[in-house]
Amino acid sequence: DWQPPFACEVKSFRFTPRVQRLNELEAMTRVRLDFLDQLAKFWELQGSTLKIPVVERKILDLYALSKIVASKGGFEMVTKEKKWSKVGSRLGYLPGKGTGSLLKSHYERILYPYELFQSGVSLMVDLYVCMFCGRGNNEDKLLLCDGCDDSYHTFCLIPPLPDVPKGDWRCPKCVAEECNKPREAFGFEQAVREYTLQSFGEMADNFKSDYFNMPVHMVPTELVEKEFWRLVSSIEEDVIVEYGADISSKDFGSGFPVKDGRRKMLPEEE
């Protein structure tokens, strides 16, 4: 039956919330976003900008298109067997209206070059030279960095590597860049603005009122929940929320009265 008093000093308490993109919460949506990110990087390296097409007034799901075409044997097989209309049906498009030809055109222009790139076409290793010694000999000992494509002999590294590593390998320059990146607190992205409990509540109420275009007290919980799950599974809309979580009691003190906390427990509370 013990009901502890709220020990936090509300007027002086300030915190920085975390930032969360709602469409990164659901695993499959994250997979789609990662695919689009890699595809965009591929075209950026080619000197182009990825523009996602709109088909039948709906943004084309390039990830789903890629998976469906792959399941049917790939671009050349689908084209040879004239299955683009079936691909369109799998994507939820109605038959007719030339949708199949349109999907083929988009795939050939956007996804097929990326597919060829992923198929393993790569430069020969003898085109590379060691960044330390400047030589391209001992090709079986020449490592290609998975981060920047620079090359290094295993025996030129400090310390030298006895064998060629299995899996991905990063060169000293990339390792240094990665290690020097600023770390996010607790491994999560932090917001920029600092809040009090009151200002955070006001911000949340204003956002809810503006988003749903109605007074905050009139927004039903069911509507908020329905919109939340819609956004979680959406790759077209990128809504970012701020939330307070895992406030460090070492830095801010506990919300409960504790013996070693900032608010001492009264004898009758112990």
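**Exercise 1. Is Lys41 buried, partly exposed or exposed, and what is its relative accessible area?**

Solution. The model is predicted.
- Step 1: take the relative accessible area of Lys41, which is 42%.
- Step 2: apply the cut-offs, where buried means under 20% and exposed means over 50%.
- Step 3: Lys41 is therefore partly exposed.

**Exercise 2. With which residue does Lys41 form a salt bridge, and where do the two residues lie?**

Solution. 
- Step 1: the partner of Lys41 is Asp37, with the closest N and O atoms 3.4 Å apart.
- Step 2: a salt bridge needs nitrogen and carboxyl oxygen within 4 Å, so the pair qualifies.
- Step 3: both residues lie in helix 1, four residues apart, or about one turn of the helix.
- Step 4: Asp37 has 36% relative accessibility and counts as partly exposed.

**Exercise 3. Locate the two ends of the salt bridge between Arg32 and Asp61.**

Solution. 
- Step 1: the closest N and O atoms of Arg32 and Asp61 are 3.0 Å apart.
- Step 2: Arg32 sits in helix 1 (residues 27-45), while Asp61 sits in the loop between strand 3 (58-59) and helix 2.
- Step 3: the pair therefore ties together parts that are 29 residues apart in sequence.
- Step 4: Arg32 is partly exposed, at a relative accessible area of 22%.

**Exercise 4. Describe how helix 2 packs against helix 5.**

Solution. 
- Step 1: helix 2 covers residues 62-71 and helix 5 covers residues 99-118.
- Step 2: their axes are 11 Å apart, at an angle of about 100°.
- Step 3: angles of 65 to 115 degrees count as roughly perpendicular, so helix 2 is roughly perpendicular to helix 5.
- Step 4: helix 2 makes the contact through Leu62, Leu65, Ser66 and Val69, and helix 5 through Leu103, Tyr107, Ile110 and Leu111.

**Exercise 5. Classify His153 and Val54 by accessibility, and place each in its strand.**

Solution. 
- Step 1: His153 belongs to strand 5 (residues 151-153).
- Step 2: its relative accessibility is 0%, so His153 counts as buried.
- Step 3: leaving out residues up to four places away in sequence, His153 touches Cys130, Cys133, Arg135, Asn137, Asn138, Lys141 and Leu142.
- Step 4: Val54 belongs to strand 2 (residues 54-55).
- Step 5: its relative accessibility is 54%, so Val54 counts as exposed.

**Exercise 6. How many helices and strands does the chain have, and what share of its residues counts as buried?**

Solution. 
- Step 1: the chain has nine helices and six strands.
- Step 2: of its 270 residues, 29% count as buried.

Notes
Residues are numbered from 1 along each chain as its sequence is written. This is a predicted model: local features need pLDDT of at least 70, side-chain atom pairs count only at pLDDT 80 or more; totals for chains, interfaces and linings use all residues. Side-chain values use heavy atoms; hydrogens and water are left out. Buried means under 20% relative accessible area, exposed over 50%, partly exposed in between (1.4 Å probe, protein chains only). Axes are lines fitted to C-alpha atoms, for helices over the stretch in contact, and angles run from 0 to 180 degrees between N-to-C directions. Angles under 35 degrees count as roughly parallel, over 145 as roughly antiparallel, 65 to 115 as roughly perpendicular and the rest as oblique. Contact means heavy atoms within 4.5 Å. A salt bridge is a side-chain nitrogen of Lys or Arg within 4 Å of a carboxyl oxygen of Asp or Glu.
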